[in-house]
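Open your viewer and get ready to select residues by number. This tour takes you from stop to stop and tells you what to look for at each one.

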Amino acid sequence: MAKDPMQVFELFEFIKARHQIYIAKQAGFKKPWSDDLILQKYRFTNAYRELDKVTVWISKNWRTPNAKDPHLWFAMVVARFINLPETLEHISYPSLSSDKDFTAWGKKFIRAIEYRQNLGELTYNPAYIVSTNGRKMLKHEYLLEQVFTPAWQARDGIENVITRKGATLADLHAELTTIQGLGSFMAAQVIADVKYAQMKKAPDWWTWAASGPGSRRGLNRIICRDKDTPWREAEWLETLQILHERISGMLAAEGMPQMHAQDLQSIGCCEFDKYERVRLGEGRPKSLYPGI
């Protein structure tokens, strides 16, 4: 029998094992929730992003109640750059209809961040690294001036894509990444929220994703080539979509929920790359997990 050119079985076993940890925890079972020593020791995201604690909070408190807000995408930009429910609760949802509203909200945003920092409270979720890109500015001032303001000013173009019949997630990504301070990774995080509220009929809802350094390495590992082999984005996505078809069948056979390409990009490429780094002795994730 010819050797499978993809490590699909190994990848699926990793995805299944990670999801079983989630199920065991939800059922109230005592740890360890896995026999896998790597999964016991290190933190990996859920197989499905919608199950992550922060996403659950954002969905319940910001996304679902405001699903018809034309500026929901902007709120998701704010949500993901902060990515910490305690801070988002203090800021409150940005209900905006004019530049005047935005100016008032911006002042409230600054006050809320400074209030938490003065109390010595955690302000941002360290899961996403937010850089000021060399500018000598406080992070919250940078976000308001260099990210949120340009995003708000670009709202017409973004909202035209979201409401346009037949628009794709790829179209939205292309538009979002024209905004100063909003790179490919964060734009994709915003799309992963917006797609559940306002782009449910996008033709590529299940099949589109954007690559990142970890997911490029991870997909290289899965197709059994050197992890640092460069990719063209179109080639990477085409390969991910082939993998997506194969994993979808395995998920169905196992009775697990289907997984869109953005989740596969995350758990199936980026997180699998982290797992393989530990297994092969190449390094280890920065975050430990209390799974023992």
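What follows is a walk through the model, one selection at a time.

**Before you start**

This is a predicted model, in which local features need pLDDT of at least 70 and side-chain atom pairs count only at pLDDT 80 or more, while totals for chains, interfaces and linings use all residues. Residues are numbered from 1 along each chain as its sequence is written, and side-chain values use heavy atoms, with hydrogens and water left out.

**Stop 1: helix H1**

Select Lys-16 and Glu-13, which both lie in helix H1, 3 residues apart, about one turn of the helix. Helices here are DSSP runs of H or I with at least four residues, numbered from the N terminus. The two side chains meet in a salt bridge, 3.3 Å from N to O; the term stands for a side-chain nitrogen of Lys or Arg within 4 Å of a carboxyl oxygen of Asp or Glu. An α-helix has 3.6 residues a turn, so residues three or four places apart point the same way.

Buried means under 20% relative accessible area, exposed means over 50%, and partly exposed is in between (1.4 Å probe, protein chains only).

**Stop 2**

Now move to Lys-31, in the loop between helix H1 (8–26) and helix H2 (37–41). Pro-32 has its place in that loop between H1 and H2 too. Look at the link between these two residues: a cis peptide bond joins Lys-31 and Pro-32, with omega about 10°.

Lys-31 is partly exposed, with a relative accessible area of 40%.

**Stop 3**

Next, select Ala-75 in helix H4 (residues 72–82). Ala-75 is buried, with a relative accessible area of 0%. Which residues does Ala-75 contact, leaving aside its neighbours within four places in sequence? They are Trp-62, Tyr-93 and Pro-94, where contact means heavy atoms within 4.5 Å. For a sense of scale, draw a distance from Ala-75 to Val-8: their C-alpha atoms are separated by 37 Å, and the two are 67 residues apart along the chain.

Then pick Ser-92, in the loop between helix H5 (85–91) and helix H6 (99–118). Its phi is near 75°, a positive value in a residue other than glycine. Ser-92 is partly exposed, with a relative accessible area of 24%.

**Stop 2: helix H11**

Color H11 (residues 213–222). Why is H11 described as largely enclosed by the rest of the structure? Because 7 of its 10 residues are buried. Among them are Gly-214, Leu-219 and Ile-222. The buried residues of H11 pack against H1, helix H12 (233–254) and H13.

Zoom in on Arg-221, which is buried with a relative accessible area of 8%. Not counting residues up to four places away in sequence, Arg-221 touches several residues, including Gln-7, Lys-227, Asp-273 and Arg-277.

Step just past H11 to Cys-224, where phi takes a positive value of about 65°. Cys-224 is in the loop between H11 and H12 and counts as partly exposed at 42% relative accessibility.

**Stop 5**

How many salt bridges does a search of the whole structure find? The count is 15. One pairs Asp-228 with Lys-227, the closest N and O atoms being 3.6 Å apart. Asp-228 is exposed at 51%, while Lys-227 is partly exposed at 27%.

Another links Asp-273 and Arg-277, with the closest N and O atoms 3.1 Å apart. Both lie in helix H13 (residues 261–279), 4 residues apart, and both are buried. Finish by selecting Arg-49, Glu-50, Arg-63, Arg-80 and Asp-193, which salt bridges with shared partners join into one network.

Note on methods: Helix = DSSP H or I, 4+ residues; strand = E, 2+ residues; numbered from the N terminus.
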